[in-house]
Amino acid sequence: MLASGRRRLLTALLQAQRWPFQPSRDMRLVQFQAPHLTGPHLGLESENGGGVINLNAFDPMLPKTMVEFLEQGEAALSVAGRALAAQLPVLPRSEVTFLAPVTRPDKVVCVGMNYVDHCKEQNVPVPKEPIIFSKFASSIVGPYDEVVLPPESQEVDWEVELAVVIGKKGKHIKATDAMAHVAGFTVAHDVSARDWQMRRNGKQWLLGKTFDTFCPLGPALVTKDSVADPHNLKICCRVNGEVVQSSNTNQMVFKTEELIAWISQFVTLYPGDIILTGTPPGVGVFRKPPVFLKMCVCAHACRTKGLTASRPTLLQKGDEVQCEIEELGVIINKVV
């Protein structure tokens, strides 16, 4: 009984010591626009799927872009924390336009073949080192923006991914120190032109991954202290309401800390840099037959004749792709 009482006391003391460092509510940073405001602003989602608190109205000295906000480090986060606790007016979600939580980062680094179950899907061995490629920042769009199908590709595919947002500059970062360089996490859609990725341009991945609008992000940058465990989150993608990808981030081969340590050997990471950590199984290219985000050639003829086509190999133009990660939220992008 005495030992049990000591354990309870020790647990209570540890919880009391941790409490000041735990946010009282989720910190969900956003970039947004509204008709009554000039230009982009920084804000906070009041909750997952809720309205927006205008951080720039709370403190006009705060920058209006996420990259500049992150560059200010703990001082800016402290202001956001006070705003969250102040119970400020909330702009209804219907009255704002959500931008990507980070725009114009120095770099977007991507990781291929980083889910064990995705490797099994392709019948390939699990990588022994991270496979790294990139997207250009110009591919980034907001969480509810349209994905534009390029005429140069006939095989555009979906990939839901957990994105890590860097909060502090670093080079040659040790894995044990990596989380100190992380600002938080968001949902990403790594749209991929498979023909350009797998067959054209010498099979280099860059062009197939970086067409304009091929990197929807959002809806919020959820700070790392607001996520219970980034490596144990349900991750899902739906096309027209049908679940096409469903897994868990615990399937990641290389976790956030390992990826930051690996990448920072080669490049300096800056505040606002984004790391897309790979996708689970269920992508269109490995289905039998493959399925891509493209208009079926028979769709228009069927409609004009008043016929109902059987499910085509290629989905109709206008598909809606939803990428969702537990605790982080959902992004919804129409294909046009």
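## Close-up views of a predicted model

**View 1. A hairpin joins strands E13 and E14.** Two residues lie between the strands in the hairpin of E13 and E14, where Asn240 takes a positive phi near 55 degrees. Strand E13 (residues 234-239) and strand E14 (residues 242-248) pair in the antiparallel sense over six bridges, pairing being assigned if DSSP finds at least two bridges between two strands. Val239 stands opposite Glu242 in E14. Helices (H or I, at least four residues) and strands (E, at least two) are DSSP runs, numbered from the N terminus. This is a predicted model, in which local features need pLDDT of at least 70 and side-chain atom pairs count only at pLDDT 80 or more, while totals for chains, interfaces and linings use all residues. Residues are numbered from 1 along each chain as its sequence is written, and side-chain values use heavy atoms, with hydrogens and water left out.

**View 2. Phe133 and Trp205 form an aromatic pair.** The structure holds four aromatic pairs; rings of Phe, Tyr and Trp (its six-membered ring) pair if their centres lie within 6.5 Å, and planes under 30 degrees apart count as stacked, over 60 as edge-to-face and the rest as tilted. For Phe133 and Trp205 the ring centres are 5.0 Å apart and the planes stand at 65 degrees, so this pair is edge-to-face. Because Phe133 lies in strand E6 (residues 131-135) and Trp205 in the loop between helix H6 (194-198) and helix H7 (206-209), the pair ties together parts that are 72 residues apart in sequence. Phe133 counts as buried at 11% relative accessibility, whereas Trp205 is partly exposed at 28%; buried means under 20% relative accessible area, exposed over 50%, and partly exposed in between (1.4 Å probe, protein chains only).

**View 3. Trp262 and Phe266 form another aromatic pair.** This pair is edge-to-face, with 5.5 Å from centre to centre and 70 degrees between the planes. Trp262 is partly exposed, with a relative accessible area of 22%, and Phe266 counts as exposed at 54%.

View 4. The buried residues in H4 are Ala76, Val79, Ala80, Ala83 and Leu84. H4 is followed by Gln87, whose phi is positive, near 55 degrees.

**View 5. Thr213 is buried in a loop.** Thr213 lies in the loop between H7 and strand E12 (215-223), and its relative accessible area is 13%. Not counting residues up to four places away in sequence, Thr213 touches Ser138, Ser139, Val141, Glu146, Val147, Val148 and Val191, where contact means heavy atoms within 4.5 Å.

**View 6. The buried residues of helix H8 pack against strands.** In H8 (residues 256-263), Thr256, Leu259, Ile260, Ala261 and Ile263 are buried. These residues pack against strand E5 (108-112), E6, strand E9 (160-166), strand E10 (182-189) and strand E15 (274-276).
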